[in-house]
Amino acid sequence: MRFVIIGAGRVGLRTARVLREEGHEVTVIEREESKVRRARNQEFTVVEGDGSQETILEEAGLDEADALGALTGDMNVNFTACMIAKHHGCRTVMRIDEAYREGIYRKYAEEVDEIIYPERLGAIGAKNALLGGTIRAIADIAQNLQIVELTFTDEAPINGYSISELELPADATVIAFGKRDRPLEIPSEDESLETGDRIVVLADYEVLNAVRQLIVGESATRAAANAGAGGVN
């Protein structure tokens, strides 16, 4: 596949490297001279200029690209580039920054194919390390939704129950289950829930602490602390 990446900063260049390592063709657009040199030193094809300008995007091969990643730190540049790319029939991915707010997400989400906010994704990794082995955040789906993987402990109130007997809060749904040392899969109702088993849940932040109490057996105080004030920020 062919990709155009706007921005040769930390996020853009790492993304470009991963795509290239997987055998894809990548063209990078960057307007800062030092970043242009760095990208060229890493043997990327680089178009020097403003990624929000249609002529620059066309020079980068937008018409032949499968997708465009607008990954600069400038949200206006990113949004403009995505709108041009949509006009050219290209899939669009837009980066927003640490000033992310629900209003920004709602404003842009319907205009592009996907929005990413790397600072929150990085925070997920940090949070996983801090929480330890029984709780692992996988992804933020929206401002109020998160996918988490939890491991059943001896203290879990539902240890020994079956999937059919598991009663999660209304705003939480099981999406995968795995017995100890076995891959995750779609669960059957008869699966027993035992220490070491893993379950993946899509949940609203408001009910994450209740889900943790059921599956991990945390105290209400610790579950609330782990859930945080609105999940991973």
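Tutor: A residue is called buried under 20% relative accessible area, exposed over 50%, and partly exposed in between. Arg91 has a relative accessible area of 37%, so Arg91 is partly exposed. This is a predicted model, and the values below are computed from it.

The strand to look at is β5, which covers residues 91-95. The side chain of Arg91 meets that of Glu114 in a salt bridge, with 2.9 Å from N to O. This pair links distant parts of the chain, since Arg91 is in strand β5 and Glu114 is in strand β6 (residues 114-116), 23 residues apart. Glu114 is partly exposed because its relative accessible area is 37%.

Val93 also lies in strand β5. Its relative accessibility is 18%, so Val93 counts as buried. Val93 and Ile115 are 22 residues apart in sequence, yet their C-alpha atoms are 5.7 Å apart in space. Leaving aside neighbours within four places in sequence, Val93 is in contact with Glu114 and Ile116, and also with Leu68, Gly69, Ala70 and Cys82.

Ala70 leads on to helix α4. Asn78 is placed in that helix, which spans residues 75-87. With residues up to four places away in sequence not counted, Asn78 touches Ala70, Leu71 and Thr72, as well as Met94 and Arg95. Asn78 is buried because its relative accessible area is 0%.

Other salt bridges give some comparison. A search of the whole structure finds nine. One of them joins Arg37 and Glu33, with the closest N and O atoms 3.2 Å apart. Both of these residues lie in helix α2 (residues 33-41), four residues apart, or about one turn of the helix. Another joins the side chains of Glu194 and Lys179 at 3.1 Å, N to O. Those two residues are 15 apart, both in the loop between β9 (172-178) and β10 (198-204). Lys179 is buried because its relative accessible area is 14%, while Glu194, at 38%, counts as partly exposed.

As for the chain as a whole, its secondary structure comes to eight helices and 10 strands. Of its 233 residues, 47% are buried. Among contacts between residues at least 6 apart in sequence, 54% join residues at least 24 apart.

How values were computed. Residues numbered from 1 in each chain as written. Predicted model: local features only at pLDDT ≥ 70, side-chain atom pairs only at ≥ 80, totals over all residues. Heavy atoms only, no water. Buried < 20%, exposed > 50% of the residue type's maximum accessible area, 1.4 Å probe, protein only. Contact = heavy atoms within 4.5 Å. Salt bridge = Lys/Arg side-chain N within 4 Å of Asp/Glu carboxyl O.
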